[in-house]
Amino acid sequence: MRKKALLLALAAVLVMCGAGFAFDAVPADKLKPGFVYIGPVGDGGWTFMHDKGREEMEKAFPGVKSSFVESVPEGPDSLRVMETFIRNGSKVIFATSFGYMDFVQEAAKKHPDVMFLHCSGYKRADNVGTYFGRMYQARYLSGLVAGKMTKKNVIGYVAAHPIPEVIRMINAFTIGVKKVNPKAEVRVVWLFSWFDPGKEKEATKALIDSGADLIAMHADTGAAPQAAEEAGVYVIGYNNDMSKFAPTKHLTAPIWDWGMFYKHYIGEMTKGTWKAGDIWWGLKEGVVGLAPFGKDVPEDAKKLVETEKARIVSGSWDVFAGPVKDQKGVEKIPQGKTATDAEMLSMNWFVEGVKGDIPK
Amino acid sequence: MEIIIPILAAAVRSGTPILYATLGEILTEKSGISNLGLEGIMLVGAFTGFSVSLSTGSPLIGLAGAFAAGVLMSAIHAFICITLKGNQVVSGLALTMFGTGASSLLGRSYIGVTIPGLAKLPIPVLSDIPYFGPILFNHDPLIYASWVLVGFLCWFLVSTRTGLNLRAAGDNPRAADAMGLSVSRIRYAATLIGGGIVALGGAYMSIAYNKMWAEAMTAGRGWIAVALVIFAIWNPGRAMLGAYLFGGVEAFQLRLQATGTSIPAPLLMMLPYITTILVLFIISVKKGRGLIFGAPASLGIPFFREERD
């Protein structure tokens with residue numbers, strides 16, 4: 001009899017989940033969000049910005065007490081960290097790196113009553129949602145500034161790893177550059193590392209020696225801006241405002257505001273309206289944006305950024321709207337079409353105007 | 001020439017942190033102690049050098065602080081390996097983990113801070129020599145100091161009595177002991193001073209090369225130095241060549257990319273490591289012993305004074 005009741009209850013739960021019902025409201029003090037970080041909070045970049053978002057969320061919801069574990073490898077260790085959070089009463093887990101994806105799925109299956117949110121992934125479940133930001137939109141805006149500011153029409157780009165995320169950023173940046181300055185080219189140097197200030201600096205110097213008079217970057221430290229400042233070359237940072245490393249030469253930086261997501265999710269969960277889904281927010285919602293402009297950025301560049309931003313925010317145009325050609329001049333996105341999210345997530349070709357190879 | 005000069009200058013620049021670490025380790029290993037904690041010591045050196053420079057405003061005091069921190073770190077290693085006769089590999093690895101963790105914990109509040117750091121000091125007259133000037137004599141003082149250190153170590157190990165004693169402690173501690181030398185004292189001194197020199201390599205990263213602190217900023221250079229000691233067959237002069245080769249290959253591949261040449265970069269980056277394996281092979285065939293420079297015969301073996309061999 002009892003068994004039957006249990007089965008019935010289980011079936012009921014399954015049906016409810018399958019139908020994608022919202023989770024029940026959880027009081028703020030019971031949520032205890034647990035954050036799994038890939039890097040150290042002090043990386044000054046990716047994890048640093050997530051943690052800033054976490055703090056922002058705590059400020060907005062005074063009852064919520066969150067905790068985090070930093071430098072968690074993208075392996076079975078991450079599962080262990082999630083299990084520990086749940087044992088300590090966490091009702092929601094934020095996993096903030098792509099490589100946690102399968103471990104999030106595993107944990108979610110074991111704990112259907114816990115809500116999971118995975119940053120930058122694509123596998124979802126009834127209790128697993130995904131979220132990411134359209135950073136390429138902010139990259140495009142920074143490209144407009146770069147195109148206006150280069151004199152020699154050679155822009156250097158210090159890039160970490162040849163993966164779709166980084167390639168997408170280079171492409172969006174280059175589309176921005178070419179819009180205002182069709183003669184300019186973007187030269188890419190790969191570091192094959194997220195984190196090596198020595199190498200970042202040497203790569204910056206190499207680009208400057210080869211003729212670049214403006215540097216953009218996709219790596220985790222302020223070494224490239226510092227090297228640019230020393231050489232007297234303009235620079236566009238990334239992740240957060242890097243003007244501290246280049247006080248006179250920092251033009252702007254595409255930056256993250258993860259607090260938007262965290263406030264949104266915690267708000268929904270305390271109200272009981274959260275449903276697992278996928279959110280990819282951009283300029284419109286304010287998850288990505290530009291750091292304050294440096295003093296050398298001219299008014300017309302600022303104005304152009306504003307009008308282009310308005311165009312993207314209104315939804316009438318997006319960065320990867322056709323026609324977009326690749327390096328060899330082959331049309332990759334035809335006129336009248338815009339790259340889908342899936343296409344953007346697997347981008348493995350450079351747009352016209354990029355000089356450099358994607359190692360295979 | 002236009003392309004080669006900046007590459008060679010960059011080779012010197014980016015080879016220097018590895019050079020310091022390698023020189024420190026050569027000194028330590030010649031006395032018979034192997035220290036695999038280089039990465040950790042470098043990081044603590046980088047952190048201490050940065051924080052002391054920041055608070056005192058003097059990069060020189062920062063360097064002194066880094067040296068002292070390196071001495072302290074390797075004192076732990078020396079105590080475990082010489083006094084307690086513990087396993088040197090385990091102790092060295094522990095030192096790396098400790099150094100990585102401690103430096104990132106303490107360094108948290110220094111993220112995003114910059115310092116003026118050590119400025120370039122072009123040597124008058126010499127820096128005007130065509131080709132050689134910009135490659136060799138347009139750097140910061142730490143680079144010139146590393147050349148002095150290379151010369152000093154060669155002279156010290158080959159031509160001085162103390163150097164001979166140090167090599168004896170590393171090659172045949174029993175004989176050194178019979179000669180009336182204190183093997184422990186020699187090994188302690190070599191480990192502590194060697195550790196201090198290694199830490200200077202880390203401080204070079206945070207004071208001269210980059211003028212900032214970032215977690216784990218040495219990014220594996222300590223391990224490259226471990227390999228480089230073998231590559232150099234324990235010869236400080238060859239260590240310098242090797243360090244510049246390692247640094248040069250990196251500078252070269254970055255510049256190749258910047259000019260748009262399509263030679264696969266990962267292939268080039270493998271070169272120094274392949275050479276190291278080759279050298280390892282050659283010295284294991286030739287045994288590599290009995291040389292003034294060369295693998296110390298008792299490397300990594302604790303010396304028990306009271307026991308027979």
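A residue is buried if 20 or more other C-beta atoms lie within 10 Å of its own, exposed if 12 or fewer, and partly exposed in between, with C-beta atoms placed from the backbone. This is a predicted model: local features need pLDDT of at least 70, side-chain atom pairs count only at pLDDT 80 or more, and totals for chains, interfaces and linings use all residues. Residues are numbered from 1 along each chain as its sequence is written, while chains are lettered from A and ligands numbered from 1 in the order in which they are written.

**View 1. Burial and extent of chain B.** Of the 309 residues in chain B, 53% are buried. The C-alpha trace of chain B spans about 65 × 45 × 40 Å along its principal axes.

**View 2. The helices of chain B.** Chain B has twelve helices and zero strands. Helices (H or I, at least four residues) and strands (E, at least two) are DSSP runs, numbered from the N terminus. In sequence order the pattern of chain B is α-α-α-α-α-α-α-α-α-α-α-α. The radius of gyration of chain B is 19 Å, close to the 19 Å that the globule rule gives for 309 residues, so chain B is as compact as a globular protein of that length. That radius is taken over C-alpha atoms, and the rule is 2.2 Å times the number of residues to the power 0.38.

**View 3. Where chain B touches chain A.** The contact takes 31 residues from chain B and 33 from chain A. Two residues are in contact if their C-beta atoms, placed from the backbone, lie within 7 Å. On the chain B side, α1 (4–30), α9 (183–209), α11 (236–258) and α12 (265–285) each supply at least two residues. The largest share, six residues, comes from α11(B). The chain B side divides into 16 nonpolar, ten polar and five charged residues. Here Ala, Val, Leu, Ile, Met, Phe, Trp, Tyr, Cys and Pro count as nonpolar, Asp, Glu, Lys and Arg as charged, and the others, Gly among them, as polar.

**View 4. The open sheet of chain A.** Six strands of chain A form the sheet in the order β2-β1-β3-β4-β5-β12, with parallel pairing. Two strands pair if DSSP finds at least two bridges between them. β2 (67–69) and β12 (278–281) of chain A stand at the edges, each with a single partner strand, so one side of each is left without a neighbour in the sheet.

**View 5. The β1–β3 pair of chain A.** Strands β1 (residues 34–36) and β3 (residues 92–95) of chain A pair in the parallel sense over three bridges. Gly34(A) has Ile93(A) as its bridge partner in β3(A).
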